[in-house]
Amino acid sequence: MSVRRRGGGWSLTGWIFLVFLLLYAALPMVWMLITSVQSQFAAIQYPPEFIPSNPTLEQYARLLSPSSEIGGQFLRYMWNSIYVSTLTTIFGVGVAVPAAYAFSRFRFPGRNALFFSVLFRNMFPAVVFLMPLFIMMRWFGLVNTHASLVITYLTFGLPLSIWLLKGFYDNIPVELEQAARIDGCTRFQAFWMIVMPLSTPGIIATAIFSFITAWNEYVYALTFLNSDEKLTLPVGLQRFFTEYATNWPGLMAASFIMSVPVVVMFLVLQKYFVRALTEGAVKA
Amino acid sequence: MAQVELRDVVKDYGSFLAVKSVSFTVKDGEFVALVGPSGCGKTTTLNLIAGLLDTTSGEIRIGDRKVDDLDPKDRDIAMVFQNYALYPNKTVHQNLGFPLKMRKLPRKEIDEKVRAAAGLLDITHLLERRPRELSGGQQQRVALGRALVRDPQVFLMDEPLSNLDAKLRVQMRAELKRFHQDLNATVIYVTHDQLEAMTMADRIAVMEGGILQQFDTPERVFEEPNNLFVAGFVGSPAMNLVEASLNRDADAFVVESDGWSLPLDAVNSRRAAQATGPDIVLGARHSTMALHHEPAAGRVEGRVYTVEPTGDLTYAHVYLGKSIVVVSADPQTRIKPDETVWISFDQSRLHLFDARTKQRLLPE
């Protein structure tokens with residue numbers, strides 16, 4: 001590693017810019033956190049209390065205790081979200097990996113047409129498909145099931161996952177597989193033992209991407225699900241708190257809990273994510 | 001080690017024919033270079049032998065086995081790639097041991113063989129490193145080592161030296177040749193560099209347009225090229241090829257081109273008699289021609305275009321009518337641009353090509 005001093009002028013503007021970005025991204029989170037530990041009364045008083053005088057974890061305790069009515073409901077929403085997001089991720093990666101590999105390695109008739117048709121979906125905003133998909137789900141009898149959400153999320157997530165992973169496979173020299181096949185691997189073993197380990201960062205990035213998209217999705221979950229039993233967190237949160245007047249600290253506590261898995265996952269795996277998005281931009 | 005035989009091998013991609021009915025036999029222990037310009041089908045041919053591509057028709061035999069339907073892993077071959085294709089997430093030791101591991105050899109035996117190969121290539125101190133921590137030359141050795149540990153029937157090499165810098169390439173060229181001699185290995189070596197082919201190979205297969213143009217020893221490919229393509233491809237500087245026409249003068253023939261003529265000797269006249277028409281191409285290497293300051297019988301007048309001293313030899317580019325030919329001369333020779341000179345030809349090493357068939361004319 002070489003240590004170099006950057007020019008002072010650029011460094012200062014750079015810092016100001018970064019601090020501004022940080023505030024922009026972090027302030028809402030901080031506000032959410034502050035509000036969540038205040039009492040109902042303190043949360044709505046004016047001028048607002050920036051540093052809570054009587055912080056309390058009451059809301060968190062309530063939300064996370066399975067025995068209370070609200071806690072039970074909240075934990076069920078959370079479980080539903082985990083279930084839907086995990087299934088979406090597993091199926092998404094399971095399909096995207098072989099599809100991206102095929103697009104990257106094999107020359108077959110209609111390859112380009114197929115590849116662009118995969119991306120074609122992304123030309124339209126997701127809401128456009130809300131009614132058609134709802135009607136289709138009704139035909140299939142899937143309304144008010146988690147399957148309807150998993151299928152929908154796959155429809156939206158797969159094209160980007162395939163695109164992302166294909167970039168990864170394109171960057172793995174085909175000679176590595178050829179060498180492996182000569183060294184004693186079958187075609188599948190060459191893929192499994194040589195290509196897979198090299199594409200792990202890409203697969204992890206794709207998994208995070210699928211998971212987060214499914215975890216945060218609101219409109220389809222709101223439309224396709226109607227029984228309280230099935231609701232996922234984003235929809236659940238909203239219903240939950242309009243029913244019992246607006247409990248701001250409670251809502252903020254729930255929002256905070258909801259963002260924890262995503263933030264943790266992102267922090268742990270962010271280096272893979274960054275690599276996935278910049279792969280191909282820079283030669284190794 | 002084993003011999004490799006190709007019989008009428010064809011590779012058709014549908015939209016284009018990459019290899020058109022190629023047949024040749026590489027003898028046990030022989031070093032054969034497949035050489036030609038890019039897109040000539042040499043790498044495709046190598047991949048067909050390796051089994052990385054399927055033949056459209058024809059037969060490939062390694063030793064006494066027909067291998068067309070075998071997977072690469074069952075053909076008992078080893079391959080060295082241009083970009084080395086070392087497994088980036090494995091150490092050098094694991095890279096070398098991988099082919100043995102796939103053959104389910106016991107760990108102790110793998111370790112012994114890996115260390116033996118590493119010792120041979122002088123890379124023992126690198127065994128725990130990963131490929132990206134190695135220099136180009138070291139990676140090259142590891143790639144060679146991975147081919148070596150297996151003790152395969154045939155070594156296939158796809159431009160293994162072209163990613164190295166010029167100096168290292170010359171050094172590795174010598175090492176590879178020595179390695180072939182010591183192991184008595186059968187090697188099929190693809191290169192676009194005719195000099196590599198000439199210096200290393202026992203025999204050279206020159207390819208162009210998916211067709212095997214000539215398969216012969218380096219000396220014969222150099223001295224007796226089958227056709228215009230081989231004549232122009234092999235040798236540096238390239239053979240001078242000048243379009244001309246034949247005129248019969250009693251028993252002998254005279255080659256004529258714009259503004260000059262050259263009477264042929266008896267042997268070349270017999271060759272000229274085989275031509276299918278009057279149009280021919282005259283071929284002469286720079287070393288078979290000489291420059292003179294005064295005219296004489298059998299010399300052709302020309303005008304110097306430019307002079308290139310290289311130290312050992314001086315190359316004079318001379319206008320012969322409208323074409324330029326390169327003639328080598330002793331560095332002491334005094335020649336200046338635009339000077340008039342006379343060129344003499346060593347007729348025993350002159351080549352005549354039929355302009356229509358592109359083939360070299362042979363006596364009788």
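What covers the buried residues of α8(A)?

1. The cover of α8(A) includes α9 (187-216) of chain A, together with α1 (42-50) and β6 (77-80) of chain B. Helices here are DSSP runs of H or I with at least four residues and strands are runs of E with at least two, numbered from the N terminus. Contact means that the C-beta atoms of two residues, placed from the backbone, lie within 7 Å.

2. Please keep in mind that this is a predicted model, in which local features need pLDDT of at least 70 and side-chain atom pairs count only at pLDDT 80 or more, while totals for chains, interfaces and linings use all residues. Residues are numbered from 1 along each chain as its sequence is written, and chains are lettered from A and ligands numbered from 1 in the order in which they are written.

3. Helix α8 of chain A spans residues 174-182, and because seven of its nine residues are buried, this helix is largely enclosed by the rest of the structure. The buried residues are Leu176(A), Glu177(A), Gln178(A), Ala179(A), Ala180(A), Arg181(A) and Ile182(A). A residue is called buried if 20 or more other C-beta atoms lie within 10 Å of its own, exposed if 12 or fewer, and partly exposed in between, with C-beta atoms placed from the backbone. After α8(A) comes Gly184(A), which has a positive phi near 125°.

4. Where the two chains touch, chain B contributes 18 residues and chain A contributes 14 residues. On the side of chain B that touches chain A, β6 and α2 (92-102) of chain B each supply at least two residues. By class, that side of chain B has 13 nonpolar, two polar and three charged residues, where Ala, Val, Leu, Ile, Met, Phe, Trp, Tyr, Cys and Pro count as nonpolar, Asp, Glu, Lys and Arg as charged, and the others, Gly among them, as polar.

5. Chain A has twelve helices and zero strands, and of its 284 residues 31% count as buried. Its C-alpha atoms fill a box of roughly 70 × 65 × 35 Å along the principal axes.

6. Chain B, by contrast in its make-up, has nine helices and 20 strands, and 42% of its 364 residues count as buried. The domain assignment, which is automatic or comes from a database, gives domain 1 (4-224) and domain 2 (240-354) of chain B. The centres of these two domains, taken over C-alpha atoms, are separated by 41 Å.
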